[in-house]
Amino acid sequence: MAARAGMISSAFAAALAAGRSAFNQRVRDARRHYPAFRTDVLQRFLSDEVDGVVGAVGAVDPARAGAVAHAAVDVALELVGRALVGPGARAGTPAAVWRTLLPRYAGLVAAHPDTVPAMLTNAAIHLDTLAGVRGADWIAQLAALAPRIATVDELRVVGQVAAWRAGAAHFRTGAIAAADALPAALALAAFGARADDAWPELRARIAADPWWTADDADVTAGREVGGFTGFGGAFAEPPEVRAGADGFVVRAGERCHLLLADAYGALLLAATPDEFDRVAPGGAVQVDARRIAPDLPADGLAVCASGPTLALTSPYTHAIRVLPRGPR
């Protein structure tokens with residue numbers, strides 16, 4: 001794979017030149033494996049994203065730049081072959097990992113070139129498949145916490161917490177439990193808490209109330225999820241909602257979903273009609289002392305409660321409004 005003048009730094013060009021034969025063979029293999037593989041996209045990704053990572057590693061540990069370049073090319077070939085970067089990419093989070101995150105984690109990348117880039121890239125790819133998850137928020141949280149993270153295990157846990165706080169509601173329970181393994185100061189920072197908070201007390205409060213946040217964000221309005229499939233939403237017809245043990249089970253036409261919601265986001269996961277049928281329809285719901293006045297006709301308006309969370313549906317909308325049950 002020949003380096004193009006002016007496209008990449010001398011350090012990266014030297015690393016590629018040292019393994020030119022092997023790199024070129026890997027490009028040829030990628031062309032055969034991925035019918036839509038584009039060499040121009042690979043060259044642009046290497047110059048715009050990977051080069052900055054190799055340069056950052058070279059600044060902290062020059063001896064590791066070659067190993068990082070070698071590992072980075074493997075990831076880049078797959079990303080380009082699967083159209084996860086470049087003009088055909090569905091979302092930009094994988095590219096942002098290389099442009100924004102990995103240079104900030106240069107020390108960990110240098111020590112673990114076969115682990116850290118692939119781990120963060122795979123996480124970004126997964127988050128991009130989840131409608132409603134805010135990939136840019138996940139990137140921003142991990143970028144801000146980079147100076148505090150010393151090990152791959154810490155990065156893995158903080159990444160899970162950040163994904164939950166970016167809207168991946170199904171990560172909530174696991175993220176809270178995993179954070180126990182972090183140093184207390186890092187756990188507090190990962191949850192957006194003050195440095196003088198006590199982690200055990202904060203953890204207990206977060207675990208008890210999915211609508212409570214350490215930064216006291218206003219969540220009274222809740223979140224809207226779903227929408228009409230004709231406009232890119234999830235539901236072909238107005239949905240029916242039933243309360244489950246850990247959230248809501250939703251049916252809209254022939255499709256069923258599990259709906260999870262908290263202060264950070266609302267997420268629809270695939271479910272089966274059998275899962276919906278196993279949950280009994282809800283009856284009347286007492287909404288405590290809170291008065292809710294949705295901008296919908298009263299006719300057919302339904303309220304369903306699952307623990308501390310309410311779901312409002314109407315035959316006049318394809319969306320579900322989820323919000324905290326009690327006053328904030």
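Select Gln141 to begin: at 15% relative accessibility it counts as buried, where buried means under 20% relative accessible area, exposed over 50% and partly exposed in between, with a 1.4 Å probe and protein chains only. Gln141 sits in helix H8, residues 135-145; helices (H or I, at least four residues) and strands (E, at least two) are DSSP runs, numbered from the N terminus. Leaving aside residues up to four places away in sequence, Gln141 touches Ala162, Arg165, Ala166 and Ala190, and contact here means heavy atoms within 4.5 Å.

The model is predicted, so local features need pLDDT of at least 70 and side-chain atom pairs count only at pLDDT 80 or more, while totals for chains, interfaces and linings use all residues. Residues are numbered from 1 along each chain as its sequence is written, and side-chain values use heavy atoms, with hydrogens and water left out.

**The rest of H8**

**Helix H5**

Select H5 next. Seven of the nine residues of H5 are buried, so this helix is largely enclosed by the rest of the structure. The buried ones are Thr93, Pro94, Ala95, Ala96, Val97, Trp98 and Leu101.

Keep H5 and H7 on screen. At what angle do H5 and H7 pack? The angle is about 140°, and the axes are 8 Å apart. Axes are lines fitted to C-alpha atoms, for helices over the stretch in contact, and angles run from 0 to 180 degrees between N-to-C directions. H5 passes H7 in a right-handed crossing; a crossing is right-handed if the near helix is turned clockwise from the far one by less than a right angle, and left-handed if anticlockwise.

To see the contact itself, select Thr93, Pro94, Val97, Trp98 and Leu101 in H5, which meet Pro117, Leu120, Thr121, Ala124, Ile125 and Asp128 in H7. By class, the residues of this contact divide into eight nonpolar, two polar and one charged. Ala, Val, Leu, Ile, Met, Phe, Trp, Tyr, Cys and Pro count as nonpolar, Asp, Glu, Lys and Arg as charged, and the others, Gly among them, as polar.

**Helices H3 and H4**

Move to helix H3 (residues 39-60) and helix H4 (residues 65-81), which pack at an angle of about 150° with their axes 10 Å apart. H3 and H4 are therefore roughly antiparallel to each other; angles over 145 degrees count as roughly antiparallel, under 35 as roughly parallel, 65 to 115 as roughly perpendicular and the rest as oblique. The crossing of H3 and H4 is right-handed. On the H3 side, the residues in contact include Val41, Phe45 and Gly58, and on the H4 side they include Ala65, Ala72 and Val80. The contact has 17 nonpolar residues, one polar and no charged.

**Two alanines in loops**

Select Ala83, in the loop between H4 and H5. Its phi is positive, about 55°, although Ala83 is not a glycine. Most residues other than glycine have a negative phi. Ala83 is partly exposed, with a relative accessible area of 36%.

Go on to Ala198, in the loop between H11 and helix H12 (199-208). Is Ala198 buried, exposed or partly exposed? Ala198 is partly exposed, with a relative accessible area of 38%.

**Helix H2**

Select His33, found in helix H2 (residues 20-33). At 59% relative accessibility, His33 counts as exposed. His33 and Val60 are 27 residues apart in sequence and 35 Å apart in space, C-alpha to C-alpha.

**The whole model**

Zoom out to show the entire protein, which has 13 helices and eight strands. Its C-alpha atoms fill a box of roughly 70 × 50 × 30 Å along the principal axes. Of the 328 residues, 47% count as buried.

Finally, colour by pLDDT, the predictor's confidence in each residue, from 0 to 100. The mean for the protein is 89, and 92% of its residues reach 70 or more. Select residues 1-6, where pLDDT stays under 50.
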